[in-house]
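Here is a quick tour of the model you have open. Keep the sequence and the 3D view side by side as you read.

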Amino acid sequence: MDLNDQEEHKTFREEVRSFLKEFRHLAPKETAMSYRLSPKPYSQEVKDWQALLVEKGYACRTVPKAYGGCGADQDILKNQIIADEFFKKDIPQGLIGQGISMFIPTLLEHGSDDQKEKWVKPTINGEIIWCQGYSEPNSGSDLASLQTSAVEDGDDFIINGQKIWTSSAHIAPMIFCLVRTEPESSKYKGISYLIFPMNTAGIEIRPLQTMTGHPSFNEVFFIDVRVPKSSVVGGRGNGWKVANSTLKHERGMLSNANGSLDRLNRIKTLLLHEKIDGIPLIKKPVIRDGFIRLQARVQSMRLHEMRLASEASKGAGPGLGHMICKLMGCELNHELDAFAIDVFGEMGVLHDGVPSMQSDGIWQQLYMYDLGLIIGGGTAQIQKNIIAERGLGLPREPLAVKGAL
Amino acid sequence: MDFSTSEEQNLIKESFRTSFSGLVSLNSIRKTTESKAPFDPILWSDMSAMGLHGLLISERYGGSGLSLFEAAIVAEELGRSMAPIPFVATSIMAPLLLMSCGSESQKKKWLPQIASGNARIGVAVSEIAGGTRGDEELLYKDEKLSGKASFTLDCGGAVAFIIADKEGHLYIVEAGDAGLKREAFPAVDGTRAVEHLVLQSVNAEPLESATRELIDQVISAGRIILAAESLGASEAMLEQAVNYAGERKQFDRVIGSFQAVKHMCAEMAAEIQPCRALVWYAAYAFDHLKEEVALSACLAKSHMDEVSRFVAKTSTQVHGGMGYTDLQGLHF
């Protein structure tokens, strides 16, 4: 246990600091959160900043040089240093999203050279946004039961079916999509992972209004959509394995403790500045107690991630410690949002942009958005199954016998 | 940065875990608590040989001069086994108070005896840590101490007590003093002997360098060690619940295959996992980041307490009726 940086990391921290000092004037004012609450194509300012971060190795740093990244070795502690330093200066880090954070790591793991050549660079620079065609109306937690079909026709597949909860489908030019190519194979073996443009003929997109008031996701219908066979990633019939690689990256993205710390710090600012009867909220014992309890939980999740990073850098594989992060991180974020709304008092009932607290009017939306994240990316209950079965070794639920009930 | 334990620390942890699991059983805990014995004497002397009592005491006074981080690792194992011996006051707080506030002759007199296991020292700091109730204030006059020191920790077989008053003075008094009356109380946790000390002109020797700040540091150390013990105890309760859920059958299935039970186990694991880092960080802060100790210790203690309470309740629930019985021993 030694929380001081070693020589190499000390130097690296200095590098990050001087980079931020020199270039912070180029950092976009719009926060990543505003893009997540209400997806839209990235502005030129955001894309330029992203390209700069990629070039300097502060975003997507392990993506090989050949594909437009900076080819750095995997160094979890350096990632942590980047996150810490950007966070301390309140400067937006590299973009996160389904393309950059989930699809690209999957493509690097399973894609062909041609596919990597074509898609990695424009994606990591924020030029191409991707959406994820996974869930279907009848295949949610039981994702592998999906029915969207892709039938062979010469050099193409013809896709028919429907996807749902497809975030950003209304603005994304590309989709990575799970389809059933081998209907005669078993549930898990008949799936393929395809990538294709969203403007292909036969795709219809219907935005779904969410409780936040923003259409962040969609229903997507495929009617005789023709896609070349070369669109398969990771081999035909191999889609379940490829999909799980993406899900792993998604869970990592959804449970970053810095996001919780950011919320906690914003709440602290709120409690220091907002007054009732002339007394700052932080002086009220009930509110302090609630704040401290959340502070302990945020601290424990942050330190937990540091511990996991340290152990991984020494070669430990992912285990129980990793499995709990999505569950705990998403629940914690939601409780932080709830606490912020509680301390607003009567103002907490207002929907958008509380008048006297403009900068903090986002909490009511976050509360709903974060509730969505407890469900998305594998529900809290699915996470608990994973923890209990893979982490603690409890037996799987016996499969239901058809016709037994 | 390295947020993990070293090889050597892993060895320490492993050797204490092995010893505790060999020496402590539900029977031995029961025997100690039921007989109202102050502690398990066999375990005490075996642990003396392993150096448990002198972990923090510097080598020139016969200890092993380790840091609070290592002590916290050991405390986790002690909590896991529910070892019925004094620890937090006699092996952590008393040595730290003597080392930071005592005179050279006080150190020479007490530290080697603590390290060897020949002396157990109770610690009374509740006037500072928790406040006073009613007529409990302490008064020091003409080298004599009078008043009441409540909730003195680790009184089991103590030969002396270190007592703090509200102003941040420390006194050491010997257990045999004629003016000292001890009121023992049965604690819910039968492995911890807690007493009120009623003092009437008891000979008291001040620890001259005591300050409120130094005492607060030691109280933080106590909080961290208690949090570490709770962490170990929580892990043990989870382990028991998972084992039971994997064996007990109802409706022709082990109950651990039912989601209702599985999810209780998952929730316990999910709550416990991040606590280790919280406790480690607080202990590391005690050793290296003094300005962060007070807050980190309170966060670790308060959060760990909530988690352990949740785990105790949930683990009992997983065991069903068995969990509620004395037989299962979960209440220890």
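## A walk through the two chains

Setting aside neighbours within four places in sequence, A:Ser135 is in contact (heavy atoms within 4.5 Å) with A:Leu143, A:Lys163, A:Ile164 and A:Trp165. This serine sits in the loop between strand 1 (130-133) and strand 2 (149-153) of chain A. With a relative accessible area of 18%, A:Ser135 is buried (that is, under 20%; exposed is over 50% and partly exposed lies in between, with a 1.4 Å probe and protein chains only).

A word on the ground rules: this is a predicted model, where local features need pLDDT of at least 70, side-chain atom pairs count only at pLDDT 80 or more, and totals for chains, interfaces and linings use all residues. Residues are numbered from 1 along each chain as its sequence is written, chains are lettered from A in the order written, and side-chain values use heavy atoms, leaving out hydrogens and water.

Over in chain B, look for an open sheet of four strands, in the order 1-4-5-8 and with mixed pairing. Strands here are DSSP E runs of at least two residues and helices are H or I runs of at least four, numbered from the N terminus; two strands pair if DSSP finds at least two bridges between them. Strand 1 and strand 8 of chain B stand at the edges with a single partner strand each, so one side of each has no neighbour in the sheet.

| Element of chain B | Residues |
|---|---|
| Strand 1 | 121-124 |
| Strand 4 | 160-164 |
| Strand 5 | 170-174 |
| Strand 8 | 205-206 |

Now the two chains together. Here 39 residues of chain A are in contact with 38 residues of chain B. The area buried between them is about 3600 Å², with carbon and sulfur atoms giving 66% (buried area is the accessible area, 1.4 Å probe, that two parts lose on being put together, summed over both). Five salt bridges turn up across this interface, a salt bridge being a side-chain nitrogen of Lys or Arg within 4 Å of a carboxyl oxygen of Asp or Glu. B:Glu267 forms a salt bridge with A:Lys384, with the closest N and O atoms 2.7 Å apart.
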